[in-house]
Amino acid sequence: MFSQVVAPFFGRREPRLRARSYLLGLLSSLERKNGWSLAEYASDATPDGMQRLLNHARWDAEQVRDALRAQVGERLGHLDGVLVVDDTGFEKKGRRSAGVQRQYTGTAGKITNCQIGVFCSYVDPDRQRVLIDRELYLPRSWFTDPDRLTDAGVPERAHFATKPELAWAMIERAADDPLLSFAWITADEAYGDNTRLRERCRDRGLSHVMAVSRDHRLVLGGVRTRADTVVSLLAPDAWQRYACGDGAKGRRFYDWAWIGLGGHAWVLARRSISDPTDLAFYRCWSVRPVALSELVRVAGARWSVEEVFQTTKNEVGLDHYQVRTHTAWYRHITLAMVAHAHLAFLAADPPPGREGPVGEETDGLATQGARPVGTIAA
């Protein structure tokens, strides 16, 4: 995997080997995966080499990201795949790290000093989950202070973009990739309530199931009304019970109902079995007629991104970085995504069992199991 996804984008041998050492450190059992610990794992006397890899070495994290997305398409791609868009917070001290400010993050459940990363993950029907794209959210306040942007290494071409706009940029890249197959896009209400994002998906012919707030406005029968008002008028037999995936306590069952809006568009409602007042709402659109069970499947896929965030932070150090520049953030996050994808590929298609001692054999696993370029996973 390293030879196909990372190595081709390094012109010099030294940073290329450094990147491999960085990835092996992310895949290791180190408790914290920051510059010092990764350097010690690679037998370096100081973290200077690892910091140079993230800040100054000549390589393009965008090219690595594109190669990773293509690998995901080849190894996990499925015609019923789902793109999931969501964001997560990275708590930070100070004010010099790119994009940091006091802002709300669901990761901490409060307003705190943090960076926000917007991510796109890929979920196949076999429930493999992989991050395939990322963007660092730069708050509007940052663009009122050019010196602060320069100090954090933000490129001159950068401009303010909302989280839904960052999400659309990632969706477009995925849709433009000929090796990545997917049928649906889903996101929470922070993105679903954005009319422009839904319109862009629809204009491009991208089917979607996006959560919206209970006071979301829609037009039904020529009358403008709220989503919760429309759903409250449904008859009891309009609700059907479906499972929308696996949870910590087994299958997650809810009652579901849908209302047609015309033109393969629907309002979807989810109701808790134990608490009928606990409702969630979705705006849905498809390029073709679909069954209610299909919309339920896609809505349930959204929760997978929370598991991806937890796994990448716990297993490959997604949030363990100690860098502050714009470039370094993208490089660390991209390499962490590569490391996590490697684990997902092994879970989906484990290499043949091998006998032998741990040590070099175990470390070698980090580059085993790669298929030749151009092969498609069944």
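Author: Let's start with Thr-312, whose side chain reaches the backbone oxygen of Phe-309 at 3.1 Å. That is a polar contact, meaning a pair of N or O atoms within 3.5 Å; within protein, one must be able to donate a hydrogen and the other to accept it, and residues adjacent in sequence count only if both atoms are side-chain atoms. Before going on, a word on the model: it is predicted, so local features need pLDDT of at least 70 and side-chain atom pairs count only at pLDDT 80 or more, while totals for chains, interfaces and linings use all residues. Residues are numbered from 1 along each chain as its sequence is written, and side-chain values use heavy atoms, with hydrogens and water left out.

Back to our spot. Thr-312 sits in helix 12, residues 304-315 (helices are DSSP runs of H or I, at least four residues, and strands are runs of E, at least two, numbered from the N terminus). Thr-312 is buried, at 0% relative accessible area; buried means under 20%, exposed over 50%, and partly exposed in between, with a 1.4 Å probe and protein chains only. Leaving aside residues up to four places away in sequence, Thr-312 touches Leu-131, Gly-317, Leu-318 and His-340, where contact means heavy atoms within 4.5 Å.

Now for the charged pairs. Side chains of opposite charge can pair when their charged atoms come close. A salt bridge here is a side-chain nitrogen of Lys or Arg within 4 Å of a carboxyl oxygen of Asp or Glu, and by this rule the count comes to 22. One of them joins Arg-173 and Glu-135, at 2.7 Å from N to O. Arg-173 is in helix 7 (residues 163-176) and Glu-135 in strand 4 (residues 129-137), so this pair links parts of the chain 38 residues apart. Glu-135 is buried at 12% relative accessibility, whereas Arg-173 is partly exposed at 21%.

Arg-324 and Asp-151 form another salt bridge, 3.5 Å from N to O. Here the two residues are 173 apart, with Arg-324 in the loop between helix 12 and helix 13 and Asp-151 in helix 6, residues 146-151. Arg-324 is partly exposed at 30%, and Asp-151 is partly exposed at 34%.

Then there's Arg-204 with Asp-176, their closest N and O atoms 2.5 Å apart. Arg-204 lies in the loop between helix 9 and strand 6 and Asp-176 in helix 7, so the pair ties together parts 28 residues apart in sequence.
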